[in-house]
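Please look over the model below before reading on. Keep it open beside these notes.

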Amino acid sequence: MIANKKKKVELISSLSRFGALFILVVIGSMISDVFLSGRNISNVITNASVMIILGVGQTIAIITNGPDLSAGSIMTICAVIAAILVKTFGMFFLWAFGLAIILGIALGLLNGFMISKVGIPSFISTYGLQWAVFGFAYLILRGYVLYDFTASFRFLGNGYLFGFIQMPIAVMIIVVISGIAVMKWTTLGRRFYSVGANSESARLSGVDTDKTVIYAFMISGGLAALAGIVLVARINAVQADIGRSYLLPVIATVFMGGTSPTGGQGSIIGTVIGALIIAIVQNGMNLLAVPSEWREAIIGALIIITVLIDILVRKRFTHLQKA
Amino acid sequence: MNKIIKRIKNIPPVLIVIFILVIVFSQFSRNYLTIRNLLIILQQSSVLLVISIAATFVIISGGLDLSLGAIMTISGVTTALAVNAGLPIILVIAIGGLTGFACGAVNGTLIAIAGMRPFIATLGLQGILYGFSLALTNKVGIHVSNEKFIFLGDLVNRVVPMAAISCAIIFLFALYVQNHTTLGRYAYAIGGNEEGARLSGVNTTFWKWLVYAFAGLLCGLGGVILVARLEVADPIVGIQWEFEAIAATILGGSSLRIGKGDIRGTIIGVLLIAILRSGLNVVRVPSIWQPATIGTIIILSIVFQVIITKKELGKK
């Protein structure tokens, strides 16, 4: 009975998310004629792709333990490393991508270690790591901007798969499908949920909670690296702070997708919808020429409002349950 | 003999690290251990101390505030606007402090009353506040030149470190609040066991709200002094400050998990960061190396401090 009711609420809340997406699309098409053009739509989805790749990792981290606030910095440094390996050292681009992703996974491992073994809460250890990693990215680039990469490097951002699917979208689809597969059908996915819901009871039922947390942050780090590479391949330039503007939108994406900040609840599909919403909002701000200083403020306000609504809805639900 | 060893063992490890650092740095430059350099270090670190005691207060109550740097920034901006509007100094200080208090109150409302997680509410507010301060300043710093105001943060005649003195006054005020007021006692109680505090009749919602608002007030005053010292209100000056403030709190021996901590310990944490900063210049570490070096050292020291605190708690 209760499970049934819970399912109903989940259904309603995911429907409301689709509703919000739909309303935004309608508003967008009213604001500007360009909005519903094929070019703009593919632009929005491509922009959302980078956020979705980041968001899948972030969702897994938040479901398992807590936010990975270092994702923006990991994506930056991995993009910087990949760019330098290709541009300065002339390395074959696939090796460079591989090394960058390994670096991302390693940084995720470091996060996971600080959180589970040392016991520093995730929002502090990852927030702290962020500043060190941004420092290194700045140090490696020495304040310069690297740009103009080879065509093979840029294929990941600008190319078309089978001639019509943009590469970022293709990468995003692969990430989303594997993410859903891991979360739904593997033991690891179930462990992510159980550790997030109640770490102690998961431990007592034989789950190696430390390892599970470390895996979650390794995935988040690896996906952040991938997102960074895709972004740089797309905009064809890299500088030491490209990831900074991604932190707030990605957090917003995940919470808009209905993932609970307390952990143990959430879905990757929700994050995809959340990312589309944020991408449309950002696109709308572009079309309306909202001054740059207000954009972060608007995203920040969106985060707070979404989480507030989520809390109110949940309170309502628990009241109904008691009655 | 045993007593002496016990005493030595009781010295916080951070203090030993500071001692070693000072000795090492003083080998690199004859100017390091001079009164003039120490005064400069004091001036530079004093505002960080104010922000750090705000962070400590929040952490004592079991919370977290990632918007402290942003609150300091926007308070600095409103302060500069007030100074340039020609308002009397007392009013200027009040405006800076009230801006901070209002921002903190927003945090408190979102966290204590609406029940949001601290990191979400304060991260969101961080974005909003930087947006406002960029818009208010038109993205460039606002200069202030009112001499009466600048006096608040000046190194008068190169000997009287006014910023340090102003911050010391704020520190004493905060120390009084921590040790002798209901707010201080309840902050500890809520951090130690919120449910227990609530059941024993503490209005936890209100006092938690007040903790965030008080932290905002401190940051607002910190912003006033920072503008007075730098003579400019920069719209993004506070980026990364909350991290250093939280780091200083942890290095000062406060615990993130239980209501333990003391703003007096935080002084040591701030000192460590300040000495590192100035030391890296003395050792001639190139400026592009500094963000990475400082970030790494701070993270490493947090890791060690948390391990040490854990061990101490385990012994008890």
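The points below cover confidence, the contact between the chains, and helices in each chain.

1. **Ground rules.** This is a predicted model, in which local features need pLDDT of at least 70, side-chain atom pairs count only at pLDDT 80 or more, and totals for chains, interfaces and linings use all residues. Residues are numbered from 1 along each chain as its sequence is written, while chains are lettered from A and ligands numbered from 1 in the order in which they are written.

2. **Confidence.** Start with pLDDT, the predictor's confidence in each residue, from 0 to 100. Chain A has a mean of 88, with 96% of its residues at 70 or more. Chain B has a mean of 89, with 97% of its residues at 70 or more. Within chain A, helix H1 (residues 2–31) has the lowest confidence, a mean of 77, and helix H10 (residues 209–235) has the highest, 95. Helices here are DSSP runs (H or I, at least four residues), numbered from the N terminus. Where pLDDT is low, the predicted coordinates should not be read in detail. For the complex, the predictor gives an ipTM of 0.87 and a pTM of 0.90.

3. **Where the chains meet.** Chain B puts 40 residues into the contact, and chain A puts in 35. Two residues are in contact if their C-beta atoms, placed from the backbone, lie within 7 Å. In chain B, helices H6 (118–137), H12 (241–251) and H14 (290–315) each supply at least two residues of the side that touches chain A. H6(B) gives the largest share, 14 residues. By class, this side of chain B has 29 nonpolar, eight polar and three charged residues. Ala, Val, Leu, Ile, Met, Phe, Trp, Tyr, Cys and Pro count as nonpolar, Asp, Glu, Lys and Arg as charged, and the others, Gly among them, as polar.

4. **A helix pair in chain A.** Two packed helices are described by the angle between their axes and the distance between the axes. The axes of H2(A) (residues 38–64) and H7(A) (residues 167–185) come within 9 Å and cross at roughly 30°. So H2(A) is roughly parallel to H7(A) (angles under 35 degrees count as roughly parallel, 65 to 115 as roughly perpendicular). Axes are lines fitted to C-alpha atoms, for helices over the stretch in contact, and angles run from 0 to 180 degrees between N-to-C directions. The contact of H2(A) with H7(A) has 11 nonpolar, three polar and no charged residues.

5. **H3(B) and its two partners.** How does H3(B) lie against H12(B), parallel or perpendicular? H3(B) (residues 35–60) packs against H12(B) at about 65°, with the axes 8 Å apart. That makes H3(B) roughly perpendicular to H12(B). Their contact has nine nonpolar, three polar and two charged residues. H3(B) also packs against H8(B) (residues 162–180), at about 25° with the axes 8 Å apart. H3(B) is therefore roughly parallel to H8(B). This contact has 11 nonpolar, two polar and no charged residues.

6. **Helix lengths.** H4(A) (residues 93–118) has 26 residues, which should span 38 Å at 1.5 Å a residue; its end C-alpha atoms are 36 Å apart, which agrees. The expected span is 1.5 Å times one less than the number of residues. Just after H4(A), A:Gly119 has a positive phi of about 95°. H5(B) (residues 89–113) has 25 residues and reaches 34 Å, close to the 36 Å expected. B:Gly115 follows H5(B), with a positive phi near 85°.

Terms used: Angles under 35 degrees count as roughly parallel, over 145 as roughly antiparallel, 65 to 115 as roughly perpendicular and the rest as oblique.
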